[in-house]
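Please keep the sequence and the coordinates at hand.

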Amino acid sequence: MTGLRWGIIATGGIAHMFTRDLCTAGLDVAAVGSRSLDSARAFADTFDIARVHGSYQELVDDPEVDIIYVASPHGLHAEHTRQVLEAGKHALVEKSFTLDAAQAADLRELAASRGVFLMEAMWTRYLPHMIRIRELVSSGAIGEIRAVWADHTQALSTDPAHRLNAPELGGGALLDLGVYPVSFIWDILGEPTSISAVGRLQEVGTDTEVATVMTHASGAVSTTLSSSRGAGSNTAVILGSRGRIEIDPVWYTATSFRVVATDGTVVEDYRTPVEGRGMQYEALAAERYIAEGRLDSELEPIDETVAIMGTLDEIRRQIGVHFPGTDA
């Protein structure tokens, strides 16, 4: 631990889960900010947070805060993260990072100009099972990677006014759910060389289902499926020439996996206990990077975050989803 003092922007469900894991890990949650002072006070009471602010600007201006977790809806990430960076604070920003690549690139340049740390809160990349999976892939344990596939499917709110469905807030299955498998594909196979996407849209213009088929420089292919209208298996598979890695439900959370040889033999059955939900690992990584004087993550550099947003832009273009006020 580095002694960094955390501030929390917004008090919704994801902020509760993240802050609970910060407390589990013994990290210093110093302050919370909300548009509603009552909400901020209730959140502070839940986690015994000393400093309470009734606006985001008050939080980012708090001299007792070093790093801020941005947990507002992703349609507001660009605005709120800009406030954080302009105040000279480090930022960990929930996914999807922004609405499009242009907003992400703008934040990247601002962070660089202010000399502060900026990272997407793609917590899956920092979980123990994903660390081990990268080791297996890089060591050639399953041979040449031929294909990767993953789904993220949930039965979520059908209310057109809910943030998950509202175009002005970046609603739709892709940015809320699909960002996970798309980022996973990038993590294992790198940038796609071609993207083909299909989707189903609802009347308000946001997507409820989206599927992708992508190719990669190695020749490998990948597929993803996301839905906000039905709960699926939520599993992922990395297929190699000498075996495969089967990641159990829910693959993007702290979970187990098996390495299976081509003859069906289970070579490794990976299971490890994780305290809490596991969101503390990304926070611990951010603290470590900052302590080492880094302004970027080694597991998902900010350039990759921007490029992933570009992939999501192209998927949205192909399925016909446009967010007001964005270029994509």
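The residues that line the largest cavity divide into five nonpolar, two polar and two charged. This is a predicted model, and the cavity in question has a volume of about 50 Å³. Its lining consists of M122, T124, R125, M130, Y180, S183, F184, D187 and W251. Helix α7 gives the largest share of this lining, with four residues.

How many cavities of 30 Å³ or more does the count come to? The count comes to two. The second largest cavity has a volume of about 30 Å³, and its lining is made up of L174, G178, P181, V182, V210, T212, T224, S226 and I315. Two or more of these residues come from each of α7, β9 (207–216) and β10 (221–227). Here too the largest share, four residues, is supplied by α7. By class, the lining of the second largest cavity has five nonpolar and four polar residues, with no charged residues.

Rolling a probe the size of a water molecule over the atoms shows where empty space is left. The largest pocket has a volume of about 620 Å³. Of the 28 residues that line the largest pocket, G13, I14, M17, R163 and D176 are the closest to its centre. Both α1 and α7 (173–189) contribute to the lining of this pocket, each with at least two residues. Which domains supply at least three residues each to the lining of the largest pocket? They are domain 1 (6–123 + 279–287) and domain 2 (128–273). Sorted by class, the lining of the largest pocket contains twelve nonpolar, ten polar and six charged residues.

The last element to consider is helix α8, which covers residues 280–291. Helix α8 has twelve residues and reaches 16 Å from its first C-alpha to its last, close to the 16 Å expected at 1.5 Å a residue. Which residues of α8 are buried? They are Q280, E282, A283, A285, A286, E287, Y289 and I290. The cover over these buried residues includes the helix α1 (13–24) and the strands β1 (5–9), β4 (67–70), β5 (90–93) and β6 (118–120). After α8 comes G293, whose phi is positive, near 80 degrees.

Key: Residues are numbered from 1 along each chain as its sequence is written. This is a predicted model: local features need pLDDT of at least 70, side-chain atom pairs count only at pLDDT 80 or more; totals for chains, interfaces and linings use all residues. Side-chain values use heavy atoms; hydrogens and water are left out. The expected span of a helix is 1.5 Å times one less than its number of residues. Buried means under 20% relative accessible area, exposed over 50%, partly exposed in between (1.4 Å probe, protein chains only). Contact means heavy atoms within 4.5 Å. On a 1 Å grid over the protein atoms alone, a cavity is a set of points where a 1.4 Å probe fits but cannot get out, and a pocket is an open set with protein on both sides within 12 Å along at least five of seven lines; lining residues have an atom within 4 Å of a point. Grid points are joined across faces, edges and corners, and a volume is the space filled by probe spheres set on the points. Ala, Val, Leu, Ile, Met, Phe, Trp, Tyr, Cys and Pro count as nonpolar, Asp, Glu, Lys and Arg as charged, and the others, Gly among them, as polar. Domain bounds come from an automatic or database domain assignment.
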